[in-house]
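The following account leads the reader through a protein model, from the contact between its chains to the arrangement within one of them. Please keep the sequence and the coordinates in view while reading.

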There are 2 protein chains.
Amino acid sequence: MVSTESATASEREGRVLERINEYRKRRPRLLESVVTLAHGAGGKSSAALIDSVFVEAFRNPELEQLGDAAVMTLPSGERMAFSTDSFVVQPLEFPGGSIGNLAVHGTVNDLAVSGAVPQWLCAAFVIEEGFDIGRLRDIVVDMSDSASAAGVQIVTGDTKVVGKGAADGLYISTAGMGLVPAGRMLSPMLVKPGDRVLVSGTIGEHGMAVMLARGELAIEADIVSDTAAVNHLVEAMLAAAPSTRWMRDATRGGVGTVCNELAQTAGVAVILDEGQLPMQPQVLGACDMLGIDPLYVANEGKFIAIVPPEETDAALAALRSHKLGANAAVIGEVLGDPPGIVALRTSFGGSRIVDMLVGDPLPRIC
Amino acid sequence: MVSTESATASEREGRVLERINEYRKRRPRLLESVVTLAHGAGGKSSAALIDSVFVEAFRNPELEQLGDAAVMTLPSGERMAFSTDSFVVQPLEFPGGSIGNLAVHGTVNDLAVSGAVPQWLCAAFVIEEGFDIGRLRDIVVDMSDSASAAGVQIVTGDTKVVGKGAADGLYISTAGMGLVPAGRMLSPMLVKPGDRVLVSGTIGEHGMAVMLARGELAIEADIVSDTAAVNHLVEAMLAAAPSTRWMRDATRGGVGTVCNELAQTAGVAVILDEGQLPMQPQVLGACDMLGIDPLYVANEGKFIAIVPPEETDAALAALRSHKLGANAAVIGEVLGDPPGIVALRTSFGGSRIVDMLVGDPLPRIC
């Protein structure tokens with residue numbers, strides 16, 4: 001892991017690509033001949049599918065960085081971030097929100113953690129014939145409310161209708177654009193041993209809320225999705241901790257996957273402290289009962305930030321002063337060795353490896 | 001219909017919005033309580049759904065213009081166009097292309113006819129469990145090939161997998177960004193009586209090729225989709241005819257729908273000349289046999305341009321000198337009255353009204 005303050009952006013970008021390509025060689029090959037649910041889970045299988053099919057065909061430096069958003073420099077010198085996500089959550093409504101809220105928050109958050117100020121969104125709908133228009137209107141109002149709260153505009157869209165049985169009610173794809181303020185630089189290549197790992201709040205609510213909303217489990221718990229736009233929270237933190245190295249929202253695949261992607265891309269080790277992970281007791285309880293590791297459960301209003309030690313207190317104070325960051329915590333540290341590894345110091349004093357997710361314990365949670 | 005060269009862009013935008021709102025009042029109300037296939041067909045039902053659900057909730061000037069793309073001005077003064085489309089075509093492969101080609105061409109063309117130079121695309125995939133990975137790879141290679149030919153980059157994406165029976169194989173949503181060159185202005189409010197209506201080539205191939213590829217019809221014909229990126233063709237025409245008023249690609253809903261949208265938004269009449277409509281004989285034959293009006297059949301590589309009379313010859317020559325525009329033709333004229341009406345002078349010397357499409361004769365062709 002080498003990174004100097006004096007490296008130019010393009011040198012850093014080159015090193016990110018080198019590093020990704022190096023790790024890609026060690027990533028699991030795509031062995032299956034058909035797509036499985038695990039390919040959509042955000043873990044090892046997803047990585048194999050993306051490497052083998054999409055990156056292979058589309059090759060270009062922006063895509064190969066596999067960030068939450070691509071960042072392009074315009075002729076004016078302005079930097080524009082661009083991001084997309086499809087939403088296929090089931091059920092469409094769940095405690096705390098709906099597919100409409102998710103579709104806005106997901107793209108807003110991808111832009112925000114890329115350092116951009118989200119500004120414009122587009123939305124494309126694939127609707128199953130027979131879908132109730134009142135229900136559609138409610139979902140669209142959720143989108144509108146979420147967009148207003150985040151300060152973004154939905155400026156263009158598309159609607160397609162497919163026959164009965166050809167979609168599970170409704171799918172929404174959103175894409176978004178935002179400008180990256182001049183001088184702002186976030187990159188896994190800026191991450192250094194000694195940096196702290198922060199999470200912006202309690203983890204695991206969204207995945208568990210959706211899981212329980214399906215009503216297939218014998219347990220009941222009062223768990224509400226954390227779906228929210230974090231762009232204002234991100235700005236508050238960056239104002240207090242301008243040397244923040246890198247951020248990512250911990251959606252599909254959860255905190256464990258985000259830390260693995262960081263460890264692999266930056267060539268560092270990430271050591272998490274189980275005792276510091278902020279969690280609501282009912283989420284912890286539900287995860288325990290179901291045998292699900294909360295580190296892999298999706299969040300829709302939480303992000304991981306890597307902050308230098310000297311700005312950690314300021315970052316944490318800024319996060320905690322904001323409603324969405326009230327439960328923010330320092331959950332770990334970056335080490336130089338062993339590169340590419342994420343470990344968890346357990347509450348019992350031991351430690352275990354936190355690997356990339358294999359399979360999909362919670363399909364279609366976003 | 002009033003429009004002066006001296007009107008500023010914002011005055012024109014204001015008038016477009018006024019005009020759209022005026023016509024919206026006269027558009028059919030949304031009477032259904034559930035979504036039907038007709039709501040996805042691009043005609044009257046689509047307009048009612050979009051007005052009543054999406055525009056109602058998302059209200060903002062960019063969206064309300066209902067253009068192929070939204071155009072926003074950045075702090076630097078650069079103008080950025082932004083567009084999205086979902087693709088749900090069945091079958092996924094057809095003579096002349098695949099859903100992969102369509103997903104790139106559709107968004108590239110929406111940007112191009114908005115006056116932008118398309119630059120960056122994103123792609124979001126919803127894949128049904130069990131989908132063959134070799135087939136997926138072929139479709140992704142089609143996307144890559146189309147992007148290369150159009151000179152755009154696919155810079156970011158997303159993949160979701162849904163269970164068996166929850167999608168019809170594969171849906172792709174793309175969004176795109178492009179810069180509008182300084183000084184370029186295209187708007188329905190620039191359209192004046194006396195302007196000519198040009199089409200960039202033969203019409204109806206895409207819709208009929210997909211329809212026949214389903215194998216449900218008793219007819220066979222050698223019809224190949226026209227799917228193609230028209231951005232280079234658009235630039236060639238604009239270089240030759242810089243006073244071009246307005247353009248739109250004639251996709252879902254066909255040339256008839258595009259002309260209706262123009263007539264309503266600009267408050268003009270559009271008179272088309274049946275004898276001038278360029279069509280391949282096999283497309284004309286298939287439409288005749290099936291009782292389908294080719295004016296409503298989707299194209300994926302054709303656009304309508306409104307050009308002032310003094311630049312019409314230059315525009316036509318520029319189009320015809322390009323491979324994709326070899327069969328370009330002047331197909332009609334803009335009149336001042338009756339506003340909002342499209343009429344067709346038939347080859348028999350009569351004339352008939354070309355209304356907005358009702359229902360969906362050809363579902364899921366894009």
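**Chains, domains and local geometry**

Asp85(A) and Lys160(B) join their side chains in a salt bridge, at 3.7 Å from N to O; the term denotes a side-chain nitrogen of Lys or Arg within 4 Å of a carboxyl oxygen of Asp or Glu. The model is predicted, and local features need pLDDT of at least 70, side-chain atom pairs count only at pLDDT 80 or more, and totals for chains, interfaces and linings use all residues. Residues are numbered from 1 along each chain as its sequence is written, chains are lettered from A and ligands numbered from 1 in the order in which they are written, and side-chain values use heavy atoms, with hydrogens and water left out.

Between chain A and chain B the count is four salt bridges, and 25 residue pairs, both at pLDDT 80 or more, are in polar contact. A polar contact is a pair of N or O atoms within 3.5 Å; within protein, one must be able to donate a hydrogen and the other to accept it, and residues adjacent in sequence count only if both atoms are side-chain atoms. Several elements of chain A give two or more residues to the side that touches chain B, among them helix H2 (44-58), strand S2 (79-87), strand S6 (153-162) and strand S7 (170-180). Helices (H or I, at least four residues) and strands (E, at least two) are DSSP runs, numbered from the N terminus. The largest share of this side, 10 residues, comes from S6(A). By class, the side of chain A that touches chain B has 42 nonpolar, 22 polar and 14 charged residues. Here Ala, Val, Leu, Ile, Met, Phe, Trp, Tyr, Cys and Pro count as nonpolar, Asp, Glu, Lys and Arg as charged, and the others, Gly among them, as polar.

The extent of this interface can be given both in residues and in area. In contact (heavy atoms within 4.5 Å) are 78 residues of chain A and 79 residues of chain B. About 6,500 Å² is buried between chain A and chain B, and carbon and sulfur atoms give 69% of that area. Buried area is the accessible area (1.4 Å probe) that two parts lose on being put together, summed over both. Within chain A, the residues that lose the most area to chain B are Val35(A), Phe82(A) and Ile133(A), together 10% of what that side buries.

Chain A itself has 10 helices and 14 strands.

An automatic or database assignment supplies the domain bounds, and in chain A it gives domain 1 (79-183) and domain 2 (188-353). Their contact takes 21 residues from domain 1 of chain A and 22 residues from domain 2 of chain A. The area buried between these two domains of chain A is about 1,600 Å², with 61% given by carbon and sulfur atoms. Pro95(A), Asn109(A) and Val113(A) supply 32% of the area that domain 1 of chain A buries against domain 2 of chain A, more than any other three residues. Across this interface the rule finds zero salt bridges, but it finds nine residue pairs in polar contact, both at pLDDT 80 or more. Helix H4 (99-113), strand S5 (117-128) and helix H5 (133-150) of chain A each supply at least two residues of the domain 1 side, and H4(A) gives the largest share, nine residues.

Over all chains, the structure holds 30 salt bridges. One of them pairs Arg248(A) with Asp68(A), at 3.5 Å from N to O. Arg248(A) lies in strand S9 (residues 246-249) of chain A and Asp68(A) in the loop between H3 and S1 of chain A, so the pair ties together parts that are 180 residues apart in sequence.

Some backbone features remain. Most residues other than glycine have a negative phi, and most peptide bonds are trans. A cis peptide bond joins Asp337(A) and Pro338(A), with omega about -10°; Pro338(A) lies in the loop between strand S12 (329-335) and strand S13 (342-345) of chain A. Arg364(A), although not a glycine, has a positive phi of about 55°.
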